[in-house]
Amino acid sequence: MKELLNRVLKNDLCSGCGMCSSLADDDAIRMRIGADGYRRPFLNAEYRDKPVADKATTETFGKSCPALNLDIRPYKTEHYHPIWGEVLEARKGYSTDAEIRRVGSSGGVISALAQYCLDRGLVDGVIQIQASDRDPLENVAVISRSRNNIIASSGSRYAPASPAEALKWVAMSTEKYLFIGKPCDVGAVRQLQAHNPRLKANIPYIVSFMCAGTPSLAGTHQVLEKLGVARDEVTAFRYRGDGWPGLTKATLKNGEEKTMTYNDSWGKVLNRHLQTRCKICPDGIGEFADIVCADGWEGDDKGYPSFEEREGNSLILIRSEVGRELFRNAEADGVVKSESFDTEGIFAIQPFQYYRRTTILPRLLAMKVLLLKTPSYKGFELGKGMRRIGLYQSFKAFTGLLVRRKKIKQRTLETA
Ligand SMILES: Cc1cc2nc3c(=O)[nH]c(=O)nc-3n(C[C@H](O)[C@H](O)[C@H](O)COP(=O)(O)OP(=O)(O)OC[C@H]3O[C@@H](n4cnc5c(N)ncnc54)[C@H](O)[C@@H]3O)c2cc1C
């Protein structure tokens with residue numbers, strides 16, 4: 001497993017999901033923020049001269065790690081959309097609980113579904129991430145069992161997070177869980193479930209959100225600099241939510257609040273700090289989830305997403321029968337409210353996802369030109385996407401990745 005981890009790290013392919021740490025023996029692999037501000041696996045020094053996992057576990061890891069493999073084929077049908085994946089239903093909607101809708105990142109649908117699963121006894125806990133109590137700028141994986149904790153976990157955190165670290169607890173448990181994570185986190189869980197019946201039984205629901213990429217913690221530090229705030233003065237930090245999109249807000253020890261718009265924090269700072277794996281991600285759209293949510297932005301005069309402050313609204317893609325049943329029951333019980341949405345309309349709301357999906361092949365080619373290994377992607381129909389975007393944009397994406405060469409961090413497994 002160390003060898004595979006080194007392959008991932010040498011080619012800067014890690015997404016930081018944390019699945020490897022849950023598979024390795026005891027605490028042989030620990031997820032930590034590295035020098036460049038991304039969460040990465042570190043080796044416990046006690047395992048320097050011994051294996052961190054047996055042969056079977058290593059094989060499973062090789063098949064499930066999203067930095068090595070992503071294979072959507074077992075989860076798609078003949079209705080598969082080459083850009084938006086398997087979509088049983090597309091909807092737009094929101095949580096009917098006013099507090100959850102307000103604190104949620106968009107329409108609070110993910111938190112509403114989490115609360116619903118707990119209330120109806122469908123699960124015993126919700127695996128998700130939230131800001132650490134120890135350091136409000138860092139994220140930790142938690143198992144939520146109460147409304148308070150679901151609300152505390154709501155909202156997007158544009159910084160490294162490793163929810164799949166929690167799989168370690170799941171493997172030892174007889175409880176049932178809902179897992180919430182980014183598409184890469186969810187891909188890791190779904191692929192691991194294919195090799196682990198217990199994990200499949202213990203996690204009956206998987207929910208994700210569309211993801212443009214994980215910024216380094218250095219991005220958050222730069223936002224604080226722009227706000228004129230010292231890191232050690234911060235007692236709480238929200239990237240958005242508390243409205244839609246809501247403000248990026250640092251709460252200070254003296255009670256003062258410093259804010260910045262979402263457009264300024266995400267659009268001008270955080271999105272410039274994305275890790276390499278995100279640049280070549282074919283699945284920013286959460287194809288391995290039962291349900292995936294995204295911002296249901298309204299278009300502005302030019303048809304681009306408008307970030308004008310409104311009541312939260314989510315785009316909801318139902319991807320599996322399990323997801324369909326969960327969502328329908330939640331809606332019938334009045335927990336969420338939604339209306340049908342035309343899949344072809346997603347482009348106007350999510351232009352970035354369209355652009356990245358259709359330019360993955362030239363980016364992968366650029367990685368190969370840089371003599372870097374790339375993950376094996378199967379079943380995503382990336383060629384069809386590339387034909388839609390045409391030669392000029394493909395060339396731009398290819399050269400864009402070559403120019404990024406200096407930001408690609410090739411490293412090896414370090415000891416913690
Ligand atoms: C890094 C990142 C990139 C995103 N990119 C896009 C995009 O391109 N397009 C788009 O429409 N939406 C994007 N979003 C998602 C969007 O902001 C909303 O999360 C989504 O619309 C769901 O909203 P909600 O109100 O239903 O979620 P909420 O009810 O607020 O629930 C959000 C859930 O996500 C979990 N979560 C938050 N941050 C992370 C994280 N870093 N890692 C793992 N889990 C996390 C929380 O624990 C919570 O369970 C992104 C979010 C993140 C964190």
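Buried area is the accessible area, taken with a 1.4 Å probe, that two parts lose on being put together, summed over both. In this predicted model, the area buried between domain 1 and domain 2 is about 3600 Å². Carbon and sulfur atoms give 57% of that area.

**The two domains**
- The domain assignment of the chain gives domain 1 as residues 2–73 + 359–415.
- Domain 2 is assigned as residues 75–215 + 273–353.
- Between the C-alpha centres of domain 1 and domain 2 the distance is 22 Å.
- Domain 1 puts 48 residues into the contact, and domain 2 puts in 37 residues.

**Polar and charged pairs across the contact**
- Three salt bridges are counted between domain 1 and domain 2.
- R39 and E165 form a salt bridge, in which the closest N and O atoms are 3.0 Å apart.
- Between domain 1 and domain 2 there are 24 residue pairs in polar contact, with both residues at pLDDT 80 or more.

**The side of domain 1 that touches domain 2**
- Helices that each supply at least two residues to this side are α2 (19–23), α3 (55–64), α16 (360–369) and α17 (382–403).
- The strands β1 (29–33), β2 (39–43) and β3 (69–71) also supply at least two residues each.
- The element that gives the most to this side of domain 1 is α17, with five residues.
- By residue class, this side of domain 1 divides into 22 nonpolar, 11 polar and 15 charged residues.

Definitions and conventions: Residues are numbered from 1 along each chain as its sequence is written. This is a predicted model: local features need pLDDT of at least 70, side-chain atom pairs count only at pLDDT 80 or more; totals for chains, interfaces and linings use all residues. Side-chain values use heavy atoms; hydrogens and water are left out. Domain bounds come from an automatic or database domain assignment. Contact means heavy atoms within 4.5 Å. A salt bridge is a side-chain nitrogen of Lys or Arg within 4 Å of a carboxyl oxygen of Asp or Glu. A polar contact is a pair of N or O atoms within 3.5 Å; within protein, one must be able to donate a hydrogen and the other to accept it, and residues adjacent in sequence count only if both atoms are side-chain atoms. Helices (H or I, at least four residues) and strands (E, at least two) are DSSP runs, numbered from the N terminus. Ala, Val, Leu, Ile, Met, Phe, Trp, Tyr, Cys and Pro count as nonpolar, Asp, Glu, Lys and Arg as charged, and the others, Gly among them, as polar.
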